[in-house]
Amino acid sequence: MLHIFKPDLKVDFVSKFKWGIFFSLFLIFLGLASLIVKNGFKVGIEFKGGTALILQVKNNLGTGEVRSLLEKSNYFKHMTIENYGNVNGQYLIEIPISKVNNDILNAEIAKAFEKYGPGSYQILKVNVIGPKIGSDFAKKAIIAVVLSLLGILIYIAIRFKFNFAVASVVSLVHDVLITLGFLSLFNYELTLDVIAALLTIVGYSVNDTVIIFDRIREKLRNNPKLSKIDAINTGISETLSRTIITSSTVIVVTLILFLFGGSVLRGMSFALLVGFITGTYSSIFIAPPVLFLFKGPLLPEAKKQEVASEEMFKRSYKIE
Amino acid sequence: MKQSDWFKLFLVIVVFVIFGAYAVDAFLPQQTLENLPSFMPKKVINLGLDLKGGTHLTLEVETDKAIAGILQQASENLKKQFDNAKIAYNTVEVNAKKTSIDVTLMDPNDINRALDLIQSNFGNFETKTIGSSIIMTLKPKIALNMQKEAVNQAVGVIRNRIDQFGVAEPTVVTSSSRDIVVELPGISDPERAIKLIGQTAVLELHLVDDSVNVENALNGQLPPDDEVLYQIIKNPTTGEITKVPIVVKKAPVVTGSMIKKANVTFSSQTNQPVVSFELNSQGTQAFAQFTSTHVGKRLAIVLDNTVYSAPVIREPILNGSGEISGDFTVRQAHDLAIVLRSGSLPAPVKVLEKTVIGPTLGKDSIKSATLAIIIGSIAVFLFMVVYYRLFGLLADFALMFNLLIILGTLAMLGATLTLPGIAGMALTVGMSVDTNVLIFDQFGTETIKGFAITLAIGLIANMFTAITFTKVIYDALFSNKSLKKLSI
């Protein structure tokens with residue numbers, strides 16, 4: 001009852017690693033292609049400076065209609081407009097000006113919607129970001145993500161070994177890359193919320209990876225003669241139930257947040273959703289393969305067993 | 001059960017009662033709260049601006065300008081002291097970058113006397129000597145303190161202005177060394193707020209120097225102790241704005257720091273709103289003395305380097321009162337009175353960021369995020385019961401307990417709940433299954449006695465630390481370690 005799979009289940013994951021790596025490279029490539037086609041990330045106003053407003057519009061006006069209404073005003077000459085958070089009649093409008101007087105802005109919008117009457121629209125949010133604070137935010141966001149990865153690298157290097165630390169960080173970078181690629185593919189903006197989501201993904205994904213690594217290490221400690229391949233296969237297999245149960249509940253909750261959490265949370269919950277799925281997948285198919293890049297035994301303890309004994313169980317593995 | 005288990009159970013109950021009281025009270029209406037006995041906590045969970053709507057401002061205090069002002073003052077002071085000490089100088093002036101005072105002496109032999117004077121009377125400065133020139137800069141530590149002081153002062157002044165303006169539960173805090181974050185719940189007119197908060201409001205009364213021809217002054221023939229300021233005059237019929245230059249004495253007669261009271265009144269002649277002010281005793285004395293000796297001269301009322309009016313002194317003013325007239329609306333006059341009462345900012349502030357969130361967006365956000373938490377929780381709760389049966393139900397209680405602790409902690413700390421915070425709580429629900437699975441897995445592979453209670457306690461004990469969802473993530477890192485220490 002406690003396991004989805006039988007406790008003694010053992011899957012040969014190692015032989016499937018190459019497919020996982022191909023799949024990941026494909027996804028990363030897809031994201032890169034999207035970035036190239038779309039000329040880089042869609043960056044939120046908080047990073048580039050300017051003005052963003054969220055408008056709620058009645059009368060079933062589409063993006064084109066709202067644009068043509070507003071564009072007559074000088075303020076909105078270089079505006080971009082898109083539907084906000086998949087909600088009907090909610091639009092995110094951005095203008096590249098950060099010297100905005102809210103009183104004048106309100107008056108210009110009122111003028112634009114004159115023919116539909118004052119009740120035909122509602123300004124939900126106006127955000128004016130100066131260029132200096134924008135570049136400040138961007139710097140801080142990059143520092144935060146890099147520091148989190150560095151912190152994890154150091155921590156796991158201390159708790160485990162350097163090879164485990166590198167493997168974890170490679171899989172985390174993989175998660176961040178794929179999430180960023182998907183954000184670009186599906187036209188989501190990079191905002192402060194999304195950066196917070198990336199940090200959460202890093203924290204969550206490392207948890208999954210560490211639990212698997214811990215089991216691999218435990219297997220090796222209990223039986224130093226175990227081969228790398230066997231240790232990794234049993235490590236992943238034994239934790240598979242846990243991985244699937246906990247990941248699926250988190251992913252379901254995130255999916256609910258994405259579907260029902262409202263327009264403001266949509267970008268953040270999309271990033272979380274992609275990141276959590278990728279994080280679970282990468283702790284099985286990306287982090288362990290990286291361990292093979294390091295020559296020699298996985299654990300320092302194994303060294304004490306002498307080279308000869310290592311040779312021995314290599315041979316015994318072949319016999320099997 | 002072991003003694004230590006009883007202790008754990010006791011701890012759980014205590015925590016449950018305390019956090020529960022805070023969490024429940026946080027949702028009670030104000031009136032019910034007031035009727036509660038005094039030992040009950042009465043703290044509410046503050047909602048962030050993104051949930052309740054309002055204006056968020058990030059302001060930068062231009063501390064360089066405060067430092068420039070300090071240098072200017074020091075240079076004036078130094079000139080006087082040089083004159084007294086009979087040290088002849090070519091120049092004593094603040095450099096173009098406003099970072100130092102550059103002194104050039106007439107006689108290089110005076111250099112040691114000059115340095116002695118600076119050292120004993122201008123302790124905040126360090127000096128560098130090149131030939132007969134001395135460069136004075138503020139000591140770095142002192143300059144840093146002055147900048148900090150300027151920011152702190154600005155926070156005080158802004159807070160004072162907002163309080164007088166009447167905003168419920170405003171926040172005014174420094175966010176980095178030079179930035180101030182201002183949150184005004186419920187305010188959706190940022191421009192008025194910025195005007196009120198951001199006005200430097202340095203009020204000074206200067207003597208108008210009518211002996212100087214304005215044309216000549218604009219061409220550079222200006223006595224060293226005079227300056228040219230502008231009066232902005234609006235033509236009442238055409239609405240045209242003209243800037244009229246006026247030559248005034250640099251040294252003010254009265255400054256804004258001497259103002260005791262400021263109120264909106266209506267001018268008896270034009271019936272327009274004006275701001276009348278009253279000086280403190282020091283100001284009254286200075287003003288009385290000055291007006292007695294300068295009857296018939298003009299006095300310019302200068303606010304933030306703009307002349308508002310320059311009336312003629314008809315008779316000595318002994319009661320220390322005056323008024324500022326301009327083309328004010330009642331609202332503008334009201335705001336100016338607040339600004340004058342609460343004192344001037346030590347340096348100008350610049351708006352780095354302003355956000356206005358309407359009330360509907362916040363309400364919608366709360367509604368949908370709460371819905372997401374409820375659906376998510378039900379899904380997870382059901383999963384636990386279906387999958388783990390009785391123990392799943394136990395874990396569900398632990399999960400609810402966990403949410404209770406989060407809410408209780410928020411209330412206890414007077415913390416602010418934002419929309420991402422609610423999202424975090426939803427994720428906590430999803431992630432806390434992890435702890436349970438790890439515990440149940442462990443218990444599934446080992447033979448144990450009296451596991452039920454211990455297990456429940458273990459679950460709950462694990463939840464104690466899970467106060468924020470990021471913490472949950474990091475806690476989970478260790479949770480399979482701590483399991484080995486559990487006495488199952």
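## Strand S8 of chain B and its partners

Strand S7 of chain B, made up of residues 171-174, is joined to S8(B) by 4 bridges, and the two strands run antiparallel. In this predicted model, one of the places where that pairing can be followed is B:Val172, which stands opposite B:Val182 in S8(B). With 4 residues between them, S7(B) and S8(B) form a hairpin.

S8(B) is also paired with strand S2 of chain B, residues 54-61, through 7 bridges, and here again the strands run antiparallel. On this side B:Gly54 is the residue that stands opposite B:Pro185 in S8(B). Why can S8(B) be called largely enclosed by the rest of the structure? The strand covers residues 179-185 of chain B, and 5 of its 7 residues are buried, so the rest of the structure largely encloses it.

## The overall form of chain A

Chain A contains 11 helices and 4 strands, and its C-alpha trace spans about 85 × 45 × 30 Å along the principal axes. Its radius of gyration is 25 Å, whereas a compact globule of 320 residues would have one near 20 Å.

Of the 320 residues in chain A, 44% count as buried. When the contacts in this chain between residues at least 6 apart in sequence are considered, 77% of them join residues at least 24 apart.

## The largest nonpolar core

The largest nonpolar core has 91 residues, and those with the most contacts inside it are A:Ala271, B:Ala423 and B:Ala426. Several helices each supply at least two residues of this core, and they come from both chains: in chain A they are H5 (131-159), H6 (162-185), H7 (192-222), H8 (228-260) and H9 (266-285), while in chain B they are H1 (3-25), H11 (359-413) and H12 (419-445). Which helix gives the most to this core? That helix is H11(B), with 16 residues.

A look at one residue shows how the chains meet here. Leaving aside residues up to four places away in sequence, B:Ala426 touches A:Val253 and A:Leu257 in chain A, and it also touches B:Ala372, B:Ile373 and B:Gly376 in chain B.

Methods:
Residues numbered from 1 in each chain as written. Chains lettered and ligands numbered in written order. Predicted model: local features only at pLDDT ≥ 70, side-chain atom pairs only at ≥ 80, totals over all residues. Rg over C-alpha atoms; globule rule 2.2 N^0.38 Å. Buried ≥ 20, exposed ≤ 12 C-beta atoms within 10 Å, placed from the backbone. Contact = placed C-beta atoms within 7 Å. Pairing = 2+ DSSP bridges. Core = buried A, V, L, I, M, F, W, Y, C linked by C-beta atoms within 7 Å.
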